[in-house]
Amino acid sequence: AERFGEAAQLIALYPIADEQAVIDEAQGLSTTHAEVGVKLDVLRRQRYNLWALNLISSHLKWLDDNRSSWSTKDNRKVVTKTAEAIGEIDPNLLEPVVAQLYAMALSKANEAINTTQQSDLAALLVDPEKSRRKNFGDF
């Protein structure tokens, strides 16, 4: 990623000349730079979704493993654990199949808690001071 940024700076400093060979080389470098940028974005998206998938899968397992211990709708631990487990995930950046699992995790958590706690969970997940959402740049 650092080298990608450096390349952009070098291309910007490339001397402007009237010689066709220099112009062709500058255009070739610019095209290559753009292609590398697209590939880098695709790799970041893939890494982000794999990371999110692991977090979500782990939390779904925890929810399933602990379901039998929830006898009432007062389960603060579900709120806390869900916010900790998936709070860094930005659902807008997820591929559809991973987004479905994210929604499933929220649905299962909401089944185990009361309406007030559902609101509390939603607040924790959207409050920027309580959960720092990661983005592609973190990958």
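## Crossing of α4 and α5

Helices α4 and α5 cross in a right-handed sense. The structure is a predicted model. Helix α4 covers residues 96-111 and helix α5 covers residues 115-126. Their axes come within 10 Å, and the crossing angle is roughly 145°.

On the α4 side, the contact is formed by Tyr-102, Leu-106, Ala-109 and Asn-110. These residues meet Gln-118, Leu-121 and Leu-125 of α5.

Asp-90 is located in the loop that lies between α3, residues 76-86, and α4. Is this residue buried or exposed? Asp-90 counts as buried because its relative accessibility is 19%, and the cut-off for that class is under 20%.

Although buried, Asp-90 has no salt bridge. The nearest side chain of opposite charge belongs to Arg-133, at 4.2 Å. A salt bridge would require a side-chain nitrogen of Lys or Arg within 4 Å of a carboxyl oxygen.

## Surroundings of Asp-90

Leaving aside residues up to four places away in sequence, Asp-90 touches Tyr-48, Arg-133 and Lys-134. Tyr-48 is 42 residues from Asp-90 along the chain, and the C-alpha atoms of the two are separated by 9.8 Å.

Technical notes:
Residues numbered from 1 in each chain as written. Predicted model: local features only at pLDDT ≥ 70, side-chain atom pairs only at ≥ 80, totals over all residues. Heavy atoms only, no water. Axes fitted to C-alpha atoms, helices over the stretch in contact; angles between N-to-C directions. Helix = DSSP H or I, 4+ residues; strand = E, 2+ residues; numbered from the N terminus. Left-handed = near helix turned anticlockwise from the far one by under 90°. Contact = heavy atoms within 4.5 Å. Buried < 20%, exposed > 50% of the residue type's maximum accessible area, 1.4 Å probe, protein only. Lys, Arg positive; Asp, Glu negative; His and termini not counted.
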